[in-house]
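Here's a walk through one chain of a model, with a look at its partner along the way. Have the structure open as you read.

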Amino acid sequence: MSEVSLLFLAGLAGSVHCIGMCGGFACVIGADARGRAATLLRQLAYNAGRVTTYCFLGALAGYLGLLLVAQCGDDSIVAWIQRGFAVLSGALLVYVGLQFFGGHARGALGAGGALLADAMRTLVRAPGLAGPLAFGVLNGFLPCPLVYAVAAQAAASGGPGSGMLTMAAFGLGTFPALLAAGAVGAWWQRGGVPAGVATVSLVSRASGGRAAHAGSGRVLALRCAGAFIVVLGLVTVARGLLPLSGHIHPMP
Amino acid sequence: MNAVPAAVDASAAQMLECAHCALPIGRLGQRREVGGEARWFCCYGCCLAYQVHHGERDEPQAAAALIRLGVGAFLTMNIMAFSLLLYSGAFDGDEAWLRQPVHWLLALLATPLVALLGAPFFAGAAQALAQGRLTTDVLVGIGVLAAYGYSLIELLRGSDRVYFDTAAMVLVLFTLGRYLEAQARVRAARSLAPLLAAERAEARVLLRDANGAQREVIMRVRDIAPGVCVRVLPGERVAVDGVVVDGASECNEEAVTGQPQFIAKSAGMPVHAGSINGSGPLEIRAAVAGAHSRWQQVARMVREALARKSMIGVTVDRIVAVFIPGVLLLALATAGYWNERAGIEAALMTGLAVLVVACPCSLGLAAPLANALAIAAAASRGIVVRGGGVLEKLARLDAIAFDKTGTVTDGELRPHSIRVDGASTEEVMHYARALACASDHPVARAIAQIAADRAGTRARRVEVRAGAGMRGDVDGTRCALGTAAWMAAQGWTMPRALAGHTEDGGTRAFVGWDGCVRGCVLFADTTRADAPHAIRALQRRGLHTLLASGDAAPAVARLAAALGVERWHAELMPEDKVRVLREAIRSHGAVAMVGDGINDGPVLAAATVGIAVGGASDLAKESADVILPRGANGMLALPWLLELAANARHSLQMNLVWAFGYNAIALALAAAGLLQPVLAAALMAASSVIVVLRSWRAGAAADRSV
């Protein structure tokens, strides 16, 4: 259980990273003209789509991990595979965490990601709930090292159920930040300014009156989150490297 | 009473006609969604061409398709997650009572999914079956309905052998494949649209009303008459061929000359339609009607070229046409085989896997997409390639033959002296000019030009023999102008004083009347600046080169040596050129002929690929397969074009090898029961993605190569 809560925290801290890119999407999805409740529904649909993708990826990774383990049979090999996943996941987490200190928190999109993001742009303005839902589903597939890291953990978790739980915990952790980003987007739209401007400035404008001041606060928050993720990554790598007994945690 | 059957007939006929070219779609017809409506096309090229013209609503359409795909993926991922839990035994033991409710949940999720994503496939399948065709829609429809229907029946019977996940994955992956294909088409159409926009372009026309006040109206370029003044603002496209009357700016003429350079323009200078205005506004007087500019003609030709089928494209379409019924039979046979040995479920799964894995979505797409992108890339540099078949031939050229005058030498000849025998210079020029006025050949144009200030009569009953000469009546005298061979063909005597070659060996035009050759106009040839570079680049590509000319041997030999051309033939009549070309084709294989397009018509037609250097002002007269851009560096486009064609061919071959190889292997695996339908659908979708990405990369690589 401590594992799940840790991943929830990873999601929570990592979502500072998410704001860099996915936060932009949440912002742009913005408000529904029919009022606050409709806006909230819109944002929830987006996030539900995103977390569904994560859950699916988690279940898939867990299932593939299970197949791999079942194929090997030998316990020592199983242990090695799980260690491999842990090291991979930890390394990715450290990579993501260190990016926060580089000032440029956005993960670079590959060619495929750029194509996907390009296609998604057409969905943003679609009215109704289907648009944001579809948007969220596709958003979940965008290449993101954080998602890969957690997916690697899901693969090592022992089965589709626990894999799904792993990713769900992470996904729920990203919920608050992205809902907040969505609220900022909606607020911005109500202000009559066209949305879809650079996201970072939107976020910094939203978190305080003076942009420079807000910027420094944001950098601090970024660094804290980055440090947390680096520590989490190191712990995960350590789990893979150190011969601790019971480092395989089958989920209840 | 009669109206009703007539209407039915009309709609039935409409269904069976290609939406673009209006020809019957035949057995190989394809159904695609364009602009939100399903239409039938005879080939993929027609579909692309149609999309360019009617694709204004592509963006909202793509968004709607993506939303459907996203919502479908949402439902599918839920189905898959629960199915994975079922497979891994999460609901065994104590929680076994949950299995039945989970199955019901899967059915609950799958039903809207089948309705949402299945509808287009079912509609397409129904339409195709009503017309007696088998399409991939039919295969997908059968597969999905079989998996879904069987699962539903099993569920109602209380069994737990459900395959909702299979139905869901097949549907969502095929929808993804369709979406990607449609996106590839939209992007291809988007990159073609600027070229074809010429036909719908508008311009700011300056009109003066009765009291002299000037006003500006927006008018369609097609409707602009010669002499009309047009204003072009900075950054806008010049819409007419004409002369600058006011303003100073610079224009990027890449669309006309293939050279992306800005050329300074000021009052009195010619500008070309299709070029892009730079920093200042220009006022231009149209020299020709708006519809007759080269830009407009290129747009028309590119649109026609898109709808032309290529050899490979037609072959692939034919294979696909027999492939689909074959796959259906194979699926039935597989299902029958497994039904006897392992029961109905194994039969269902193997049959479904065969149906799904063999859907040749990516096959029909590869050739037209690669060709359309290459044609567009060429057209953006002012090169007209008339169809994908031409590209295929260009890619496998072995040799290339050049005409001399107006092709490797400048079209504008400079006459430097006149020799006479038994007549005065004035007399010779009088007859020469009278005849020359009736022809568009570079030699005739040059003669007409130098004699322009001398008043004279025009020849009557003129006969022009392309590449040889012309004859006609001037003041009642039978006279002729042309090569030595032409004079010999008339049976006229050639004085010794005129027959000998000059030391520089330039082009000569003989003039004679009353059965005797009386004079000879000598021209200096200037080699086109781009010809040596272009020829060297072609030789580096491993092509044999050949020079064929109607001129005298010394001139041709000298030029061939200067250009580094391997072989040359001189003093050829047009039919001799055709013969030389046929011989070259026999000895080398595929031979392209480069000529000036108007006088070399029959020779260009005899070549594997006829290439015109684009001197003609009216492209409609060009019958060549390829028309190079106008301007001093037009021929430099030739090596680039061959590279483009080679790239397109390579990408196409790799795609076909991939697609056929993949289909063969996957089909065998599926029939042997070694491939899950879900995996089969995933492989199918992946193959579509690979084909689309490969075609795109080929287009981009060609753009980078120069």
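B:Val603 sits in helix α20 (residues 601–606) of chain B. Helices here are DSSP runs of H or I with at least four residues, strands are E runs of at least two, and both are numbered from the N terminus. With 24 C-beta neighbours inside 10 Å, B:Val603 counts as buried. The cut-offs: 20 or more other C-beta atoms within 10 Å of a residue's own is buried, 12 or fewer is exposed, and in between is partly exposed, with C-beta atoms placed from the backbone.

What does B:Val603 touch, not counting residues up to four places away in sequence? Its contacts are B:Pro574, B:Lys577, B:Val578, B:Leu581, B:Met593 and B:Gly595. A contact means that the C-beta atoms, placed from the backbone, lie within 7 Å. B:Val580 is 23 residues from B:Val603 in sequence, and 9.7 Å separate the two, C-alpha to C-alpha.

## Ground rules and the big picture

This is a predicted model, where local features need pLDDT of at least 70 and side-chain atom pairs count only at pLDDT 80 or more, while totals for chains, interfaces and linings use all residues. Residues are numbered from 1 along each chain as its sequence is written, with chains lettered from A and ligands numbered from 1 in the order in which they are written.

Chain B has 22 helices and 24 strands. Its residues number 706, and 53% of them count as buried. Take the chain B contacts between residues at least 6 apart in sequence: 67% of these join residues at least 24 apart.

## The seven-stranded sheet

In chain B, seven strands make an open sheet with mixed pairing, in the order β12-β24-β23-β22-β13-β20-β21. Pairing takes at least two DSSP bridges between two strands. The edges belong to β12 (384–385) and β21 (567–569) of chain B; each has a single partner strand, so one side of each is left without a neighbour in the sheet.

B:Val385 has B:Val626 of β24(B) as its bridge partner.

Strands β3 (residues 202–208) and β4 (residues 214–220) of chain B are antiparallel partners over seven bridges, with B:Arg208 bridging to B:Gln214 in β4(B). Five residues lie between the strands of this hairpin, and B:Gly212 takes a positive phi near 85 degrees.

β3(B) also pairs in the antiparallel sense with β5 (residues 229–232) of chain B, over three bridges. Here B:Leu206 stands opposite B:Cys229 of β5(B).

## Helix α18 and its buried side

Helix α18 (residues 553–563) of chain B has B:Ala555, B:Val556, B:Leu559, B:Ala560 and B:Leu563 buried. These residues cover an arc of only 130 degrees around the axis (taken from the directions from the helix axis to the C-beta atoms), which puts them on the same side of α18(B). They pack against α12 (404–408), α17 (531–540), β20 (544–548) and β21 of chain B. Just after the helix, B:Gly564 has a positive phi of about 80 degrees.

## Two non-glycine residues with positive phi

B:Asp514 has a positive phi near 55 degrees without being a glycine. Its place is the loop between β18 (508–513) and β19 (516–524) of chain B, and with 9 C-beta neighbours inside 10 Å, B:Asp514 counts as exposed.

B:Glu571 isn't a glycine either, yet its phi is positive at about 50 degrees. You'll find B:Glu571 in the loop between β21 and α19 (574–588) of chain B; 15 other C-beta atoms within 10 Å make it partly exposed.

The largest nonpolar core has 249 residues, and B:Ala167, B:Val357, B:Ala401 and B:Val626 have the most contacts inside it. Such a core is a set of buried Ala, Val, Leu, Ile, Met, Phe, Trp, Tyr and Cys residues joined through C-beta atoms within 7 Å. Apart from it lies another core of 31 residues, including B:Val474 and B:Val521.

How many residues of chain B are in contact with chain A? There are 19, and they meet 24 residues of chain A. Helix α3 (residues 58–87) of chain B supplies the largest share of the chain B side, 16 residues.

Methods:
Contact = placed C-beta atoms within 7 Å.
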